[in-house]
Amino acid sequence: MKADYEALSKSVSALTAGEDDIVSLMATVACEVHHSDDRFDWTGFYRVTAPETLKIGPYQGGHGCLVIPFSRGVCGAAARTREIQIVPDVEAFEGHIACSSSTRSELVLPVEDASGTLLGVFDIDSDQVDAFEPSDAEALSTILSEVFGRV
């Protein structure tokens, strides 16, 4: 099953209405997105906790890396450039960090608050090669902006 982003957006909006705690919001978004699509094998947040440093936040799926520097991996690239990263084959990505051996493709979106401060990145891994499309990135970016753009 592929995500119905319109329904997902409505569900996330209803579940997060009135909430301003970042960790609660991240936990809810990770859970809802993870269960919305069979392609999503690992879904979660890496939070900015120090300069140039991401640490694991709320997630769904197997274990993740605990710390990722901005200088490494797909998550680091998204944090460093503040640009969405769509990686069709992680083995072809220079500097990929293999947190899980089952990951074949990855989609990572920067997450900012209302003032434009980088809170972290939202990482979705798939056990399928070339699992993500620009339409996934666009829809998820909109959802993230609606949730975190109000805090």
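The model is predicted: local features need pLDDT of at least 70, side-chain atom pairs count only at pLDDT 80 or more, and totals for chains, interfaces and linings use all residues. Residues are numbered from 1 along each chain as its sequence is written, and side-chain values use heavy atoms, without hydrogens and water.

**Exercise 1.** State the strand order of the open sheet, and explain why one side of β3 and one side of β4 lack a neighbour.

Solution. 
1. Strands (E, at least two residues) and helices (H or I, at least four residues) are DSSP runs, numbered from the N terminus.
2. Two strands pair if DSSP finds at least two bridges between them.
3. The six strands run in the order β3-β2-β1-β6-β5-β4, and the pairing is antiparallel.
4. β3 (67–69) and β4 (85–87) are at the edges with a single partner strand each, so one side of each has no neighbour in the sheet.
5. As an example of pairing, β1 (residues 42–50) and β2 (residues 53–60) are joined antiparallel over six bridges; Y46 has I56 in β2 as its bridge partner.

**Exercise 2.** Describe the largest pocket by its volume and its lining.

Solution. 
1. A pocket is an open set of points on a 1 Å grid over the protein atoms alone, where a 1.4 Å probe fits, with protein on both sides within 12 Å along at least five of seven lines; lining residues have an atom within 4 Å of a point.
2. Points are joined across faces, edges and corners, and the volume is the space filled by probe spheres set on them.
3. The volume is about 160 Å³.
4. The lining includes R82, E112 and F148.
5. β5 (105–112) and α4 (134–148) each supply at least two lining residues.
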